[in-house]
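Hi there,

Here is the structure I promised to pass on to you.

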Amino acid sequence: MHLRYYRAILPLILSLFFISTFSFAQKKGKKIISKDELKKIWVDSVYNNLSKEERIGQLFMVAAYSGGKAYNEDAVTKLISAHQIGGLIFMQGGPARQANLTNEYQHMAQVPLLIAMDAEWGLGMRLDSVQNFPREMMVGATRDTIYAYRMASAIALQCKRLGVHIDFAPVVDVNNNPANPIINSRAFGDDKLYVARMGIAYMNGLQSNGIIACAKHFPGHGNTSVDSHKDLPVINNSLAELDTVELFPFKAMIRAGVKSMMVAHLEMPALDTEAHVPTTLSKNTVTGLLKDKLGFKGLIFTDALNMQGVAKYFAPGDADLRAFMAGNDMLLFPQDVPVAIKKIKDALDSGKITEGRLGESVKKILAAKYDAGLYKPQTISTDNIVDDLNKYIVPIREMTAKAAVTLVKDENGIINKVNRDMRVGYIGINVNSTPELCKELYDSLGNVISDWLPKGSTADRVSQLLEKIKDYDATIIAVHNISFYPAACYGLDPQALSFLQQVKDKNNVMVVLLGNAYACQNFPEPKSLLISYEDDSVTESVVAKVLLKKQKAKGTLPVYPFNASGPVDISPENVEVKEPLAKASNTLRKTEVPAEAGVKDMDAIFKLNMFIQRCIVDGVFPGCRVVAAKNGTVFYDKAFGYYTYDKKKAVDMNTIYDVASMTKVLATTLSVMHLYETGKLDLDETLDKYLKWTKGTNKAKLHIRDLLLHQAGLKSWIPFYKETIDAEGNPKKEIYSETQSKEYSVQVSKSLFMKHDYIDTIWSRILSGPLENAGHFVYSDLDFYFLAEVVEQITKESLDKYVDEQFYKPMGLKRITYLPLKKFNSADIAPTELDIFFRHEQVSGFVHDPGAALLGGVAGHAGIFASADDVAAVFQMLLNKGEYNGTRFF
């Protein structure tokens, strides 16, 4: 057994000795030791074996990632070994990976670690391969605490299966601000009574199954319009107002026996008058109100200390010290553990903090560990772990949906009209293919005519659909794929909102809102409205049964979602293009187990390894990197070989490559799609609308759509470079110079610069060239020469800057760019080839494609350099239908 773990369980051995002794003594009529006394023995023994620094280390709960870009095994291992931190909050990753890491971390810990997760709607909130339970808004719509209890009980079983001891849930904020950007659908509703009742039921579901519940976000984050992840919200309610509403559920949770509480980052002048001091760092709030006035004796956590609500005003270490002095027990998501430990130790040494205060918190933490069973070793098995974690999700989703789906009103009597004798229409907003709801209606009725209003639709399309509605006895307008949060009108674009405004008075329409009830704020209240709170196949099936009168809609609105001031302004300038998602679960994940991505053919992976290695041995190429992903999960990622055949530098995971014609997708097509989705580019317009200088040429009337489809009739390519070299293949002196100047400003290689005005010659050649095979597919670089120019004309930015600002930066991509030598060392860039025809050198860091080189390295058809990770991320974003890393791009 690991020495450190032995040291941690030594008190258990002593406890067992005492049990034996007292059991024997009982026979002689002496007192038997109680469970509380056993716990005290363990806690005191562990505490006394810790040094001052180790005791301070127990205060910290550090973020651990079992996957994704934030994967941090080495950092966590160091913190456990060097500082004996008290716990981990697991964030993004995968079930098997988290299980294995938990086993590893627990084995090396001197004192067993408390493991926590944000699992408000289950472990799927953080882990790949695990589905989600319903969000709290949907549970709140049932108005029945049994659904909160059942769901929390199932989440508790998930936690136990994965070695998680604390679920940072339930959210018991009263969401009394419909514009709340961060609580919103995470709350049970806007009624303090139901929030309290549901919160207690959820707590009981967790704690009756051995998982510590955590009521959050004290003293109440519901009445904010600012996300504390991004800034410090200010709530100016009086103490009496706070006591009446915000504090009500927390007081109820304390009376009911909740074991832990999380304090939010909020500025509340009624509680603390010091400017920019969040409640997390306020002694008046944590000690004065929560501990002294409300009498809470349980474990107190800060909200994450890396959030801008605190980090904007307090440096790492200072925030931790103030949070501890305020009365918190565990410091969540610290930014710099060593600095924070030193700050707290210095405060102890100076007498600013007493040993008694430190002992109070550390012993509470150790007591929680004992209650979690950490006085004995725990090992998590990975056998069948994904199936185990998903076991109860579908049944609970179904039973909750049946109790939650809400028929707000049906003045048009639509439910009585949805039958085989009626002509029924189905219009799906934000979709362009048949969802489960439409399928079930069609299977039952057979006479459902479906149409779609996807994102980016035109006003003409809206008019067409409004005309079609006239032909139906009943029309179901189903609003799909909306966001859980209010940014960008919950994901409803201007045409969707326009359409919903224009159907409000129709007598043959029912709007079915498949998502957050608050989305109703963005359009007038229709005469018939049904809300399901979520959009998934299980919920849609329940909605279909309600519409078909196979079951009743039993739910009640948990919030008041209607906009009292009337419809919102939906003009394009008032609608954000980018929509923050409920969570950034749509980034690429990584797994060491291909089966987690649905890949079972291990023999094929073995053959791939052998094939790549054979290619390198045979000299086909000196090195490469291969990344393969399925279902959003990278299951194969390996670097092979070297940069060059001389084997001086090995390829690694950071190597950047000239990705050549993939530029067409990675830059130009993305930009065109974005401009189209935002209504700035019409695919059926001709080139001369955007590029006036094409007028009078045979290129003027080429359609944008045909350029994208490679059927505009342009040549596949023109070898412009041949016209710039002499018969011996050397650069013509009248076109090139070995030194850069104002005249010779276009760099095509390390020491070769082209006259800037020669770019005009290139375009002249393109414009004067013939058109061939128009309407037939001919893969052409020249199509993308023009598309890049169109993008730059519309945006008034160069293509490289535009694609970087609109896509690469928001996606969090670091190693994808044009002109890589401006950002990266040449040693990071794999050479493309030895160019013996044009530049007569090994090309590295400069675009290989001669045409793109003559345009200065930024072109629509070539020029992008990227790592394999970033290329994969862009393709995953496209597979996600335009969503990645918490942002919707189109």
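Below is what I found, starting with the salt bridges. Please keep in mind that this is a predicted model.

A search of the whole structure turns up 46 salt bridges. Side chains of opposite charge can pair when their charged atoms come close. One to look at is Arg322 with Glu274, where the closest N and O atoms are 3.4 Å apart. Arg322 sits in helix H13 (residues 318–326), while Glu274 belongs to the loop between strand S6 (260–263) and helix H11 (283–293), so this pair ties together parts that are 48 residues apart in sequence. Both ends are partly exposed: Arg322 has a relative accessible area of 27%, and Glu274 one of 39%.

Asp536 and Arg397 also meet through their side chains in a salt bridge, at 2.6 Å from N to O. This pair links distant parts of the chain, 139 residues apart: Asp536 is in the loop between strand S14 (528–531) and H23, and Arg397 is in helix H17 (residues 393–404). Asp536 and Arg397 are both buried.

Another salt bridge joins the side chains of Lys689 and Glu685, at 3.7 Å from N to O. Lys689 counts as partly exposed because its relative accessible area is 42%, and Glu685, at 26%, is partly exposed too. There is also a network of salt bridges that links Lys52, Glu53, Lys345, Asp349 and Glu355.

Next, helix H23 (residues 537–547), which holds Ser541. Is Ser541 buried or exposed? Its relative accessibility is 14%, so Ser541 counts as buried. The side chain of Ser541 makes a polar contact of 2.9 Å with that of Lys545. Setting aside neighbours within four places in sequence, Ser541 is in contact with Glu436 and Glu440.

On the surface, you will find a nonpolar patch formed by Met662, Val665 and Phe875, with about 210 Å² of accessible area together. Met662 lies in the loop between strand S19 (657–658) and helix H25 (663–677), and is partly exposed at 34% relative accessibility.

Finally, there is an open sheet of three strands in the order S20-S22-S21, with antiparallel pairing. Strand S20 (736–737) and strand S21 (746–749) are the edge strands, each pairing on one side only. S20 and strand S22 (residues 752–754) run antiparallel and are joined by two bridges. For Tyr736, the bridge partner in S22 is Met754.

Happy browsing, and do write back with any questions!

Best wishes

Notes. Residues numbered from 1 in each chain as written. Predicted model: local features only at pLDDT ≥ 70, side-chain atom pairs only at ≥ 80, totals over all residues. Heavy atoms only, no water. Pairing = 2+ DSSP bridges. Helix = DSSP H or I, 4+ residues; strand = E, 2+ residues; numbered from the N terminus. Buried < 20%, exposed > 50% of the residue type's maximum accessible area, 1.4 Å probe, protein only. Polar contact = N/O pair within 3.5 Å; in protein donor to acceptor, adjacent residues only side chain to side chain. Contact = heavy atoms within 4.5 Å. Patch = residues over 30% accessible without salt bridge, like charges linked within 9 Å, V, L, I, M, F, W, Y side chains within 5 Å. Areas by Shrake-Rupley, 256 points an atom, 1.4 Å probe, with all protein chains shown as cover. Salt bridge = Lys/Arg side-chain N within 4 Å of Asp/Glu carboxyl O.
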